[in-house]
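Me: I have a model open and want to know what stands behind the terms used for its interfaces. Please take them one by one.

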Protein chains: 4
Amino acid sequence: MLDRFKEACGIVGILGSPEAPNLAYLGLYALQHRGQESAGIVSSDGETLHLEKAMGLVAEVFTEARLRRLKGSLAIGHVRYSTTGSSQLKNAQPILATCRHGMVALAHNGNLVNADIVRKDLETHGSIFSSSTDTEVIVHLIARSKSDDLVEATAEALGKLSGAYSLVIMNERELLGIRDPHGFRPLSLGRLGGAWVLASESCAFDLIDAEFVRDLEPGEFVHITPQGVKSYRPLPPARPSQCIFEYIYFARPDSVLFGQSVAGMRKALGRQLAEEAPAEADLVIPVPDSGVPAAVGYAERSGIPFDHGLIRNHYVGRTFIEPKQNIRHFGVKIKLNPVRDILEGKRVVVVDDSIVRGTTSRKIVSMVRSAGAREVHMRISSPPTVSPCYYGIDTPTRKELIASSHSVDEICTYIRADSLGYISMEGLLKAAGKDTGFCHACFSMQYPVPFPTEDVAQLRLFGV
Amino acid sequence: MLDRFKEACGIVGILGSPEAPNLAYLGLYALQHRGQESAGIVSSDGETLHLEKAMGLVAEVFTEARLRRLKGSLAIGHVRYSTTGSSQLKNAQPILATCRHGMVALAHNGNLVNADIVRKDLETHGSIFSSSTDTEVIVHLIARSKSDDLVEATAEALGKLSGAYSLVIMNERELLGIRDPHGFRPLSLGRLGGAWVLASESCAFDLIDAEFVRDLEPGEFVHITPQGVKSYRPLPPARPSQCIFEYIYFARPDSVLFGQSVAGMRKALGRQLAEEAPAEADLVIPVPDSGVPAAVGYAERSGIPFDHGLIRNHYVGRTFIEPKQNIRHFGVKIKLNPVRDILEGKRVVVVDDSIVRGTTSRKIVSMVRSAGAREVHMRISSPPTVSPCYYGIDTPTRKELIASSHSVDEICTYIRADSLGYISMEGLLKAAGKDTGFCHACFSMQYPVPFPTEDVAQLRLFGV
Amino acid sequence: MLDRFKEACGIVGILGSPEAPNLAYLGLYALQHRGQESAGIVSSDGETLHLEKAMGLVAEVFTEARLRRLKGSLAIGHVRYSTTGSSQLKNAQPILATCRHGMVALAHNGNLVNADIVRKDLETHGSIFSSSTDTEVIVHLIARSKSDDLVEATAEALGKLSGAYSLVIMNERELLGIRDPHGFRPLSLGRLGGAWVLASESCAFDLIDAEFVRDLEPGEFVHITPQGVKSYRPLPPARPSQCIFEYIYFARPDSVLFGQSVAGMRKALGRQLAEEAPAEADLVIPVPDSGVPAAVGYAERSGIPFDHGLIRNHYVGRTFIEPKQNIRHFGVKIKLNPVRDILEGKRVVVVDDSIVRGTTSRKIVSMVRSAGAREVHMRISSPPTVSPCYYGIDTPTRKELIASSHSVDEICTYIRADSLGYISMEGLLKAAGKDTGFCHACFSMQYPVPFPTEDVAQLRLFGV
Amino acid sequence: MLDRFKEACGIVGILGSPEAPNLAYLGLYALQHRGQESAGIVSSDGETLHLEKAMGLVAEVFTEARLRRLKGSLAIGHVRYSTTGSSQLKNAQPILATCRHGMVALAHNGNLVNADIVRKDLETHGSIFSSSTDTEVIVHLIARSKSDDLVEATAEALGKLSGAYSLVIMNERELLGIRDPHGFRPLSLGRLGGAWVLASESCAFDLIDAEFVRDLEPGEFVHITPQGVKSYRPLPPARPSQCIFEYIYFARPDSVLFGQSVAGMRKALGRQLAEEAPAEADLVIPVPDSGVPAAVGYAERSGIPFDHGLIRNHYVGRTFIEPKQNIRHFGVKIKLNPVRDILEGKRVVVVDDSIVRGTTSRKIVSMVRSAGAREVHMRISSPPTVSPCYYGIDTPTRKELIASSHSVDEICTYIRADSLGYISMEGLLKAAGKDTGFCHACFSMQYPVPFPTEDVAQLRLFGV
């Protein structure tokens with residue numbers, strides 16, 4: 001509802017627990033922020049694979065009856081977000097198919113840049129497609145491999161694809177976790193007693209009492225069987241390009257990601273922002289919930305008191321019926337309400353993680369002002385977002401991004417703030433603690449993997 | 001609920017009407033007796049294909065919202081019955097896939113005898129399967145054809161398959177209706193103003209005011225485009241083997257099938273039965289609804305008065321909660337109730353179309369007797385069913401068929417009737433008006449198309 | 001969907017079986033033809049009453065979960081039909097209320113003629129109403145009785161009401177079955193082992209293996225407790241006025257009602273009709289299903305052969321989406337299809353139970369003719385319906401009844417039949433075997449209980 | 001899911017807007033925190049009242065179709081929480097009834113202490129009850145009033161009742177807002193253009209852009225018609241006893257309640273708590289979301305840094321399937337996860353609003369410690385809760401309240417904290433800014449309105 005980049009998927013995998021499907025379900029629940037449109041789990045009882053997927057939130061999709069139908073000690077799961085156009089069950093994951101290797105299931109977080117070309121080629125050779133996702137291409141390529149070894153067949157398939165992919169793949173007996181050579185999207189390994197767990201973020205381990213072992217490295221294949229875990233690197237290496245926006249917004253603050261605490265990183269961004277873009281003010285407030293750690297960091301470094309001046313309504317349904325009578329800031333107000341007692345008469349710093357189209361920021365500034373704030377200084381804990389993502393994030397097109405065509409001053413005027421400050425690219429990388437190893441193409445337009453023209457690439461993201 | 005052979009599918013197709021999806025929906029409604037498990041329609045707006053399918057009856061699946069989403073003047077539809085094991089949405093039809101020929105959709109009535117072998121071969125060559133139906137094999141073979149011509153590509157595909165198939169196939173612009181060379185299952189062509197219609201039975205034409213043109217002939221491909229209808233016979237000819245059980249039970253009595261009226265045929269069966277298996281009796285009653293025409297014919301020829309001595313409850317839901325307290329004949333009684341006033345003191349001929357396991361007949365005889373009948377003479381308007389069908393009908397295995405291992409006398413004893421008479425094979429064919437051109441393997445074990453061992457063949461019918 | 005009078009309710013009650021709620025559910029299923037809009041059951045576990053009711057058919061409303069929530073060995077149930085306006089859950093029955101006598105539940109078949117006046121009076125004395133049904137008045141009057149005896153309190157209440165009512169009433173321990181002094185609507189007593197059963201029609205006993213004991217007499221109160229059954233007649237006697245339309249159309253043919261078999265009665269009507277309104281014809285066909293027994297009787301007496309020339313589709317959903325393109329006779333065709341093979345070239349007698357507005361008959365005549373019939377002779381097994389019912393049946397207003405303002409010849413012209421014949425009032429009563437004891441106000445306008453003006457009375461039937 | 005007192009209801013009313021039902025719906029959405037079990041709205045089109053209510057959240061219950069059925073410019077609404085036992089639709093509100101005054105609808109926040117006695121009396125005089133709520137008594141008493149004036153009739157009714165009630169009442173033309181003479185529960189008046197609005201909390205005004213006018217005073221009747229607003233005080237005055245727990249936990253922090261900002265009050269509690277119960281610590285964290293403002297206040301006064309060390313998962317479904325394998329702190333963990341990076345090595349003050357049974361606090365302390373905290377000091381922004389509420393809040397019985405039978409030291413030991421501090425009663429009242437006018441019976445056992453024995457009173461709260 002609010003104007004943000006949208007994470008497109010979260011994935012989990014588990015082998016070795018008699019409750020694998022139940023634990024996958026809880027893992028997906030912990031990853032729900034990564035995708036709210038559909039949820040699915042495939043499990044294996046050693047002989048056959050069972051699939052349950054549907055449109056909806058994890059807690060809605062997985063009724064007791066559905067979980068009971070999922071049997072076995074091996075399971076993978078997926079939550080998905082998508083733009084409206086392709087919000088259809090046929091595009092939900094995991095994908096389950098029967099092929100020469102038996103039954104294979106796969107869940108994907110990311111986006112393949114050359115999926116269309118490969119798909120056309122596969123069609124020319126007689127393949128049929130039943131979804132409009134890029135992910136189905138991977139299953140076809142695995143099925144076409146002559147190798148009976150799951151790692152080899154998968155490596156052969158992925159050797160033909162480029163782009164962003166963190167994957168969990170399973171057959172009747174084996175679980176495979178993979179990060180692409182650039183490592184765009186996260187994937188971590190955990191341990192729960194005798195079982196091994198894979199998850200997009202470590203917060204999924206916390207919920208099921210699993211122990212975080214380590215991140216998979218870019219390009220790593222982790223092959224898990226009842227005999228143990230083996231690691232492979234069958235693909236040519238590439239420059240690490242981990243998504244820095246995971247730190248800024250997508251990941252949950254209680255996750256440890258790419259080797260660092262997300263909450264810690266966000267507070268560091270807030271401190272850096274306070275140094276780069278100070279403000280004469282009486283109060284620092286976050287745009288909840290994502291702006292909270294950066295606001296705490298900003299307050300800490302600037303010495304300006306922190307408080308919660310915007311209250312979030314957590315009972316948000318999927319759609320709201322708007323009255324015909326115009327309600328000011330309706331779209332934002334359904335989620336946020338300012339607290340006059342806290343804001344009245346104050347010069348307020350509002351800390352948010354990003355500005356996308358600018359429309360939401362404009363409403364927030366206006367709301368804060370109408371609650372009595374004397375001045376409103378907007379501070380953003382990321383650089384201006386000037387370019388779309390082609391690696392697994394749902395972003396508007398370039399021309400919808402206000403920063404792609406407007407200066408900071410112009411944006412400040414548009415959102416009607418008294419001042420506006422972004423963190424610099426240097427500040428971002430400094431806070432991130434290292435200046436290489438990240439993908440920051442949405443700020444810098446430095447795309448680690450080439451892609452076709454914008455329209456095609458955007459379209460490809462979510463199919464027809 | 002009652003113990004009968006089950007028709008597995010009904011199909012429709014229409015090209016040339018701005019209301020094609022709505023008319024397909026009504027056509028499916030008229031064919032609902034051919035499949036009650038799932039229903040689906042694919043339509044084309046000329047550019048893309050739209051699919052709506054779900055588990056349930058036609059009137060439940062096709063809400064106004066769902067029908068609104070189906071656009072275009074070209075559509076195909078499918079109703080499906082299936083055994084419980086594979087009652088899953090993934091096996092519902094039509095199948096819609098994208099391939100080198102663009103988008104293709106297909107609906108199938110029948111059963112492919114060599115689907116497993118072909119499927120294994122396709123998997124070896126890299127194909128992936130997303131359902132457990134034999135039908136998916138057809139789509140794969142079409143996709144692998146190098147020919148860009150839909151008729152040619154389909155003929156090439158079907159050249160590799162054997163068994164029973166009536167098909168409607170469509171892409172963005174064309175509609176194809178096909179009967180296999182043996183013509184096991186029916187398919188008819190109709191006309192509605194400027195539009196052409198295909199349907200499993202002519203009763204679908206009646207409902208939408210379409211005019212019955214003719215049956216497709218065995219082996220015929222009817223290719224329908226806005227330019228008109230063309231007929232092809234690209235496959236090697238075979239001996240016609242039209243399913244005689246369609247006449248006996250499956251088809252609606254108001255349909256014209258294989259060139260004859262179903263109601264007329266059933267009455268002829270009843271007259272023939274009266275000659276072959278007369279009875280000293282006061283009353284002829286049918287087992288409703290399928291036994292009605294044969295009972296009318298039996299009464300007409302025998303001169304014994306006809307009446308409805310068993311009343312059917314038409315508000316039958318899908319499941320019934322049976323009390324723990326034993327209710328006599330519960331499974332049958334939930335559907336049928338005898339009328340004491342009609343039956344009391346009478347010698348009654350009960351006419352039914354077939355005896356499968358014998359359990360239902362036994363309950364019916366007992367119910368009729370408990371309502372006061374002095375004698376109960378069971379007469380069956382088909383020969384004893386001794387062998388399963390492998391051509392698209394859901395039948396029990398051979399050993400479940402009471403007539404496969406018991407004589408007529410033994411069956412009579414089991415069902416506790418005073419006498420039992422079946423029509424003879426000769427009588428059946430005589431009533432059908434010609435002694436060739438039919439498949440009667442379930443009575444004669446003369447299978448027109450060879451098939452693997454029974455277990456495999458049965459399994460193949462409805463997948464894993 | 002078809003143009004008929006509509007039965008408004010069916011009721012059941014059972015005391016003394018550990019499966020009382022399950023048996024009530026099956027009883028309602030057998031009475032489903034008396035009301036398809038909502039279904040409900042109240043049970044008593046001896047301490048408290050449990051209510052489950054919802055809009056929908058019995059088999060839809062009573063899921064296993066719902067039936068499990070109903071505990072106890074005492075239960076009553078209700079199915080309801082209603083016009084659209086008041087199709088609301090708040091008007092579904094049974095009604096359950098707490099009052100000075102504890103918890104009381106009640107289910108009603110009929111219509112109270114003075115409910116509005118009594119309701120106004122109750123309101124003046126402080127009562128509040130939560131439904132718009134006439135039935136709620138009964139509960140209020142019982143609650144206001146000073147007597148702690150259920151029979152006395154109920155008799156006191158009903159003494160203030162006039163009109164039609166068959167009732168089942170229960171509290172935590174007792175079951176009461178009541179027919180009003182005129183006996184408009186049916187109610188029968190049955191026995192199932194140690195349990196006693198009440199039901200609108202005997203077909204409900206058949207399904208649950210209960211034995212039919214006898215009809216309740218007009219004005220009879222049957223008080224059932226674990227100690228046994230007692231009979232009372234606390235109200236002033238009145239002339240018996242049992243609804244003759246139950247014989248003609250409402251009741252199931254397999255029921256025994258008012259002391260006679262419904263099927264037997266309908267056949268007698270057909271025979272009488274054949275004598276009063278003979279036809280030169282080749283074939284007698286019924287309008288299914290209600291016209292079947294009368295058609296059999298007509299054929300028997302006239303010597304003209306009987307057959308099923310109209311086939312009914314039994315998979316009828318609640319609503320059908322009609323194409324914009326006009327389909328001839330759509331409303332009728334969705335239910336009925338003529339069989340050309342049976343009708344072609346014939347002079348056909350079509351037997352139906354009644355003509356209400358005439359629109360359906362007109363479509364049926366046209367359909368039969370379009371299937372090749374040379375002549376169509378409509379024969380009706382009841383006299384012309386000239387006036388509405390105020391005693392529990394949903395009928396159109398007087399001016400909608402074609403026979404209220406048109407002669408038989410005019411109706412014949414309107415429906416385009418070659419001839420039209422109704423049974424006479426004398427013939428009807430002769431077939432019914434006695435000339436007194438029936439209400440035939442819809443034919444004769446002789447209303448046994450006076451009622452306010454038509455508009456008010458109609459309105460009252462189903463509330464606002 | 002967490003162990004808290006539960007607010008039982010929220011109410012709204014609006015007169016004078018063509019979109020009254022839509023605005024009531026949005027108002028209920030803003031009050032969703034006051035009740036999540038059922039939601040309902042009654043509207044008036046000037047002639048009749050329309051009711052829509054169902055189990056579920058506001059955004060689930062009020063589909064577009066449901067809102068469309070609500071017509072008129074006058075509406076009231078209700079959200080309800082309840083214990084499981086009486087979670088039934090029949091107990092959902094508003095209550096709508098027809099009586100001598102026409103149609104009347106009513107929504108109630110609170111609890112009537114003498115409802116059972118009055119109900120018994122009403123039953124003795126012939127009233128029937130269709131719910132098990134105390135609220136239905138009010139409607140009966142209004143219906144029994146001879147006065148045709150809504151204010152008079154209602155005053156007469158409420159004169160017979162004691163306990164807690166904030167009410168919105170409507171008929172076809174008038175809206176009435178009422179607070180009981182003690183003013184236990186809140187109710188505010190707002191203005192939106194030409195329309196008047198009533199709501200439990202001012203945050204409902206914010207969402208619909210209405211202007212907060214003032215709180216209703218204890219004992220005040222506000223009578224709203226198209227002609228304007230009139231105020232009455234028809235009941236004997238009483239000592240104001242506004243629920244102080246609304247400040248501590250129930251109300252939304254962005255509301256202004258009883259004349260003060262809730263967020264401001266909570267921060268004042270935190271500051272007072274810091275003075276009364278200081279701690280040697282490195283970090284102050286709240287238990288989200290209710291503990292946040294007090295934690296900010298505590299940090300501010302103590303000078304110890306504030307941060308969010310517990311992250312809340314907002315995608316909480318209603319039920320969670322717990323694995324058989326034991327997961328530590330499962331019930332809490334499904335909602336909260338600690339952030340190791342923030343907590344590790346720190347001495348942490350955890351600020352919460354109350355301790356009920358102690359089980360949740362024990363889990364939180366353990367979670368914080370397992371995330372690396374060296375010390376955990378629990379601070380509670382209310383005095384020990386020693387006694388249940390009988391005025392509209394769902395609380396455990398006395399013996400379930402850990403503080404009713406354990407000293408602070410014993411509780412500290414039970415929850416395994418390094419120290420535990422509560423705010424004092426004096427500190428609470430000091431922070432509240434005045435020492436009179438509040439009900440604090442749950443802390444002090446000083447009950448402003450006498451009530452029967454505990455068991456009865458608890459039972460009465462939510463009926464059988």
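Me: What makes a residue pair between chain B and chain C count as a polar contact, and how many pairs are there?

Reply: A polar contact is a pair of N or O atoms within 3.5 Å; within protein, one must be able to donate a hydrogen and the other to accept it, and residues adjacent in sequence count only if both atoms are side-chain atoms. Between chain B and chain C, 23 residue pairs are in polar contact, both residues being at pLDDT 80 or more. On the side of chain B that touches chain C, helix H1 (residues 20-30) of chain B gives the most, with 6 residues; helices here are DSSP runs of H or I, at least four residues, numbered from the N terminus. That side of chain B holds 30 nonpolar, 16 polar and 14 charged residues. The model is predicted: local features need pLDDT of at least 70 and side-chain atom pairs 80 or more, while totals for chains, interfaces and linings use all residues. Residues are numbered from 1 along each chain as its sequence is written, chains are lettered from A in the order in which they are written, and side-chain values use heavy atoms, without hydrogens and water.

Me: Why is the pair Lys267(C) and Asp307(B) called a salt bridge?

Reply: The rule asks for a side-chain nitrogen of Lys or Arg within 4 Å of a carboxyl oxygen of Asp or Glu. Lys267(C) and Asp307(B) stand at 2.4 Å, N to O, so the pair meets the rule. Across the interface of chain B and chain C, 6 salt bridges are found.

Me: What is the buried area between chain B and chain C?

Reply: About 4800 Å², 59% of it on carbon and sulfur atoms. Buried area is the accessible area (1.4 Å probe) that two parts lose on being put together, summed over both. In chain B, Tyr29(B), Tyr315(B) and Ile321(B) lose the most area to chain C, together 16% of what that side buries.

Me: How do you know that the copies, chain B and chain C, meet through the same surface?

Reply: 100% of the interface residues of chain B are also interface residues in chain C, so the surface is the same.

Key: Helix = DSSP H or I, 4+ residues; strand = E, 2+ residues; numbered from the N terminus. Nonpolar A, V, L, I, M, F, W, Y, C, P; charged D, E, K, R; others polar. Contact = heavy atoms within 4.5 Å.
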